[in-house]
Amino acid sequence: MLFPEDFLHYVWKFRLFERMELQTTGGEQLEIFSAGMHNSDSGPDFQNARIRIGETVWAGNVEVHISSSDWQKHGHTTDDSYSNVILHVVYKDDKPLVLANGRRVPTLELQNRIPDELHSKYHNLVFGNQVIIPCEANIGGVDVLTMHNWLTRVLVERLEKRSAAVIDALNINRGDWEETFYQFLAANFGFKTNALPFELLAKSLPQITLAKNRNSSLQIEALIYGQAGFLDGDFKDEYPSKLKSEYEFLQKKYKLVPIEKHLWKFMRLRPQNFPTIRLAQFAALVVQANHLFSKVLEVKDVKALRDLFSEIKVNPYWETHYKFDTESAPSSKNMGASSIDILLLNTLALFLFSYGKHNQSQHYINRSLKLLEHLPNENNNIITDFANLGVKITTAFESQALLELKNNYCNYKKCLQCGVGNRILKSG
């Protein structure tokens with residue numbers, strides 16, 4: 001039989017083996033009260049197990065191997081952390097286990113106790129010729145409750161990992177949530193293509209500097225376009241000329257150093273997504289929404305959160321321009337619904353979760369998950385593949401969870417650690 005040690009961990013953890021008339025290889029009767037807690041760190045595989053061998057009840061650690069001889073191969077012989085193992089669980093007992101102090105460790109051999117059907121399911125799942133994910137033939141039939149519970153767990157895992165970057169930035173910003181939110185929001189305004197220059201812009205132009213000029217939209221726009229490097233030329237239009245004049249004064253006043261203009265990317269972008277337009281939207285948001293993160297914490301209704309962004313109006317100049325000094329057909333440059341939803345997903349939901357996690361407030365964590373439940377799912381190849389396999393996907397809650405599932409479980413065939421894989425293996 002071909003399987004890794006993880007499979008035996010799974011079999012032991014859920015006691016998926018024949019338990020009638022259990023005996024150790026030494027012939028003593030064995031009864032399992034608790035398999036113990038699975039240990040993912042160094043040391044024995046399961047901790048705090050409770051078993052009865054003969055007439056004695058033991059509490060302690062359990063080690064699992066394919067073969068008894070693996071104990072020595074894995075270097076446990078000289079490791080004191082394994083000296084209190086109460087049971088050695090193996091597929092094949094090829095060598096009696098005797099510790100340095102002379103104690104013979106009781107051994108349970110599973111070679112003839114694992115159902116052939118279970119092993120066959122596992123082998124097909126992990127070693128089959130699947131194209132998309134290991135369980136592609138079965139995932140569509142997994143019950144709704146199992147899918148929801150597991151997707152909730154992996155979504156929280158995803159948010160916890162992403163929130164680590166938020167907390168790192170928060171520490172750099174000396175606990176200033178508003179400044180940290182401002183920096184992340186700016187980066188997400190650039191979406192993937194211009195995320196870096198937007199992030200550098202925000203870090204070069206602290207929110208406190210913008211706050212000092214919030215009563216003048218022209219000065220806010222001058223600061224943002226100037227720091228972005230777009231005001232370094234000569235202009236024929238009145239609007240960019242005014243911006244340049246304002247920026248030259250403000251740059252000296254605040255001793256500002258703009259970022260490099262060449263960092264911004266226009267190629268292969270729809271004009272509506274040009275960085276000049278995204279900067280106009282960002283400037284309008286800064287003008288109209290002071291202390292934005294505080295507002296996000298206060299506003300509980302999803303529609304009201306959308307309104308924070310949908311109500312911002314860019315400078316009228318951009319109604320007939322995509323770039324400075326280049327006129328275009330009139331069109332609205334205000335933020336569209338899909339762009340707003342992306343910001344709600346990538347920034348607001350993340351920050352509500354991070355804030356709740358940091359302050360040990362389940363209220364904000366729940367609000368984050370609720371927000372994702374009210375946002376539409378993303379459309380990409382991974383989500384399309386899951387949908388084609390029969391998985392129901394209607395919200396960002398589900399699509400974000402499935403991205404985490406694919407990238408951190410399916411791609412590594414962690415079926416034994418996956419709630420969906422567990423359900424498939426246990427199903428009749």
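# A guided reading of the predicted structure

Setting aside neighbours within four places in sequence, A35 is in contact with W12, K13, F46 and A49, where contact means heavy atoms within 4.5 Å. The model is a predicted one, in which local features need pLDDT of at least 70 and side-chain atom pairs count only at pLDDT 80 or more, while totals for chains, interfaces and linings use all residues. Residues are numbered from 1 along each chain as its sequence is written, and side-chain values use heavy atoms, with hydrogens and water left out.

A35 occupies the loop between β1 (30-34) and β2 (37-38); strands (E, at least two residues) and helices (H or I, at least four) are DSSP runs numbered from the N terminus. With a relative accessible area of 7%, A35 is buried. Buried here means under 20% relative accessible area, exposed means over 50%, and partly exposed lies in between (1.4 Å probe, protein chains only). One of the contacts of A35 is K13; these two residues are 22 apart along the chain, and their C-alpha atoms are separated by 5.8 Å.

T107 counts as buried because its relative accessibility is 3%. Apart from neighbours within four places in sequence, the contacts of T107 are T24, T25, S68, L87, H88, V90 and D93. A polar atom of the T107 side chain also lies 3.2 Å from the backbone oxygen of V105. This falls under the polar contact, a pair of N or O atoms within 3.5 Å; within protein, one must be able to donate a hydrogen and the other to accept it, and residues adjacent in sequence count only if both atoms are side-chain atoms. For T107 and F249, which are 142 residues apart along the chain, the separation of the C-alpha atoms is 80 Å.

α4 and α17 pack with their axes 9 Å apart, at an angle of about 150 degrees. The axes are lines fitted to C-alpha atoms, for helices over the stretch in contact, and the angles run from 0 to 180 degrees between N-to-C directions. α4 and α17 are therefore roughly antiparallel to each other. Angles over 145 degrees count as roughly antiparallel, under 35 as roughly parallel, 65 to 115 as roughly perpendicular and the rest as oblique.

In the packing of α4 against α17, the contact is made by T146, M147 and W150 of α4 and by G419, V420 and R423 of α17. By class, this contact of α4 with α17 has three nonpolar, two polar and one charged residues. In this classification Ala, Val, Leu, Ile, Met, Phe, Trp, Tyr, Cys and Pro count as nonpolar, Asp, Glu, Lys and Arg as charged, and the others, Gly among them, as polar.

A further pair of helices is α15 (residues 381-388) and α16 (residues 396-408), whose axes come within 10 Å and cross at roughly 95 degrees. α15 and α16 are therefore roughly perpendicular to each other. On the α15 side, I382, I383 and F386 meet S399, L402, L403, L405, K406 and N407 of α16. The residues of this contact of α15 with α16 divide into six nonpolar, two polar and one charged.

Aromatic rings form another theme. A search of the whole structure finds 32 aromatic pairs. Rings of Phe, Tyr and Trp (its six-membered ring) pair if their centres lie within 6.5 Å; planes under 30 degrees apart count as stacked, over 60 as edge-to-face and the rest as tilted. W150 and Y409 have ring centres 5.4 Å apart and planes at 80 degrees, so this pair is edge-to-face. The pair links distant parts of the chain, 259 residues apart, with W150 in helix α4 (residues 144-172) and Y409 in the loop between α16 and α17 (419-426). W150 is buried, with a relative accessible area of 7%, and Y409 is buried at 10%. Elsewhere, Y182, F189, F198, F230, W264, F266, F274, F282 and Y322 form one aromatic cluster.

Helix α9 (residues 238-254) holds K244, which is buried, with a relative accessible area of 18%. Not counting residues up to four places away in sequence, K244 touches L231, G233, D234 and F235.

Two loop residues remain. Most residues other than glycine have a negative phi. R174, in the loop between α4 and α5 (177-189), has a positive phi near 55 degrees. K255, in the loop between α9 and α10 (275-288), likewise has a positive phi near 55 degrees. R174 counts as exposed, at 81% relative accessibility, and K255 counts as exposed at 73%.
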